[in-house]
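Hi,

Here is the model I promised to pass on.

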Amino acid sequence: MENNIIHYCNIKNNEVFLDGKKLYSGQDGDQFLDFIKGIYKNFELNYPKFYKMDPLCKLAITASSILLDGIDQDIDPDMGLLLSNKSSCYDVDVKHQDSISQGEESYASPANFVYTLPNIALGEISIKYKLRSENSFFIFEGFNPEFLIDYANSMTKLRKSSSVLCGWIEVKENVYNAFMFLVKPEAGLAFTKENLLNLIE
């Protein structure tokens with residue numbers, strides 16, 4: 001059977017949706033960090049490392065937790081991860097650059113440096129859900145549904161993954177958009193470019 005979209009989660013414009021149903025709204029005028037902390041508390045995500053994470057990891061772990069915790073089924077440790085965005089880990093890169101540009105007093109802060117690769121978000125999800133699967137993070141100018149479809153389909157057809165959690169996890173300062181979706185070879189919404197473009201809107 002071909003892969004289909006089984007569940008999806010959207011976080012943007014101070015709102016959270018799971019499978020098209022609104023689950024949470026932030027306060028008007030919330031900045032990203034206030035909004036994402038509000039989600040964490042509201043859904044009682046219970047992942048203590050959250051508060052030490054950079055913005056990209058906070059968004060990724062929040063979106064994946066809402067999706068995976070909301071589907072009420074066991075998580076297969078062979079579920080693959082396939083994420084993408086445009087800005088990589090821009091926010092923490094700026095902090096890191098600032099910390100090493102202070103002349104003789106400069107030093108690389110371990111708290112920032114550890115998050116200067118976007119694939120750290122994959123690691124956080126894998127740790128939380130005890131995944132031992134293939135995972136990749138790609139940088140594109142914009143959401144690239146064709147690439148995600150081809151790559152996710154190859155992961156399951158080659159039996160590298162039983163299912164694939166895919167997504168667009170973009171955050172740069174206070175501009176953010178998380179769209180995560182689970183695909184696997186069972187009945188669901190057709191895994192097509194048109195459907196992905198409709199769901200990310």
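Predicted model: local features only at pLDDT ≥ 70, side-chain atom pairs only at ≥ 80, totals over all residues.

Residues are numbered from 1 along each chain as its sequence is written, and side-chain values use heavy atoms, with hydrogens and water left out.

**The whole chain**

The protein has 7 helices and 8 strands (DSSP runs, numbered from the N terminus: H or I of at least four residues for helices, E of at least two for strands). Of its 201 residues, 52% are buried, where buried means under 20% relative accessible area, exposed means over 50% and partly exposed is in between, using a 1.4 Å probe and protein chains only. The accessible surface is about 10200 Å², and carbon and sulfur atoms account for 49% of that (Shrake-Rupley method, 1.4 Å probe; for residues, only the protein chains shown count as cover). Taking contacts between residues at least 6 apart in sequence, 66% link residues at least 24 apart; contact here means heavy atoms within 4.5 Å.

**α1 and α2**

Helix α1 covers residues 32–42 and helix α2 residues 55–69; their axes come within 10 Å and cross at roughly 30°. Axes are lines fitted to C-alpha atoms, for helices over the stretch in contact, and angles run from 0 to 180 degrees between N-to-C directions. The two helices are therefore roughly parallel (under 35 degrees; over 145 is roughly antiparallel, 65 to 115 roughly perpendicular, and the rest oblique). On the α1 side, Phe-32, Leu-33, Ile-36, Lys-37 and Ile-39 meet Pro-55, Lys-58, Leu-59, Thr-62 and Ile-66 of α2. By class, that contact has 7 nonpolar, 1 polar and 2 charged residues (nonpolar: Ala, Val, Leu, Ile, Met, Phe, Trp, Tyr, Cys and Pro; charged: Asp, Glu, Lys and Arg; polar: the others, Gly among them).

Which residues of α1 are buried? They are Phe-32, Phe-35, Ile-36, Gly-38, Ile-39 and Tyr-40. Their cover includes α2 together with strands β1 (4–12), β2 (15–18), β3 (21–25), β6 (164–172) and β7 (175–184). Just after α1, Glu-44 has a positive phi of about 50°.

**α6 and α7**

Helix α6 (residues 145–157) packs against helix α7 (residues 193–200) at about 120°, with the axes 9 Å apart. That makes α6 oblique to α7. Pro-145, Glu-146 and Ile-149 of α6 meet Lys-193, Leu-196 and Leu-197 of α7. This contact of α6 with α7 has 4 nonpolar, no polar and 2 charged residues.

**Two buried residues**

Ile-61 sits in α2 and is buried, at 3% relative accessible area. Beyond its neighbours within four places in sequence, Ile-61 is in contact with Tyr-47, Phe-50, Met-53, Glu-124, Ile-125 and Lys-128. The C-alpha atoms of Ile-61 and Leu-122 are 8.7 Å apart, although 61 residues separate them along the chain.

Ser-84 belongs to strand β4 (residues 80–85). Is Ser-84 buried or exposed? It counts as buried, with 0% relative accessibility. Outside four places in sequence, its contacts are Phe-137, Phe-138, Phe-140, Leu-148, Gly-167, Trp-168 and Ile-169.

Cheers
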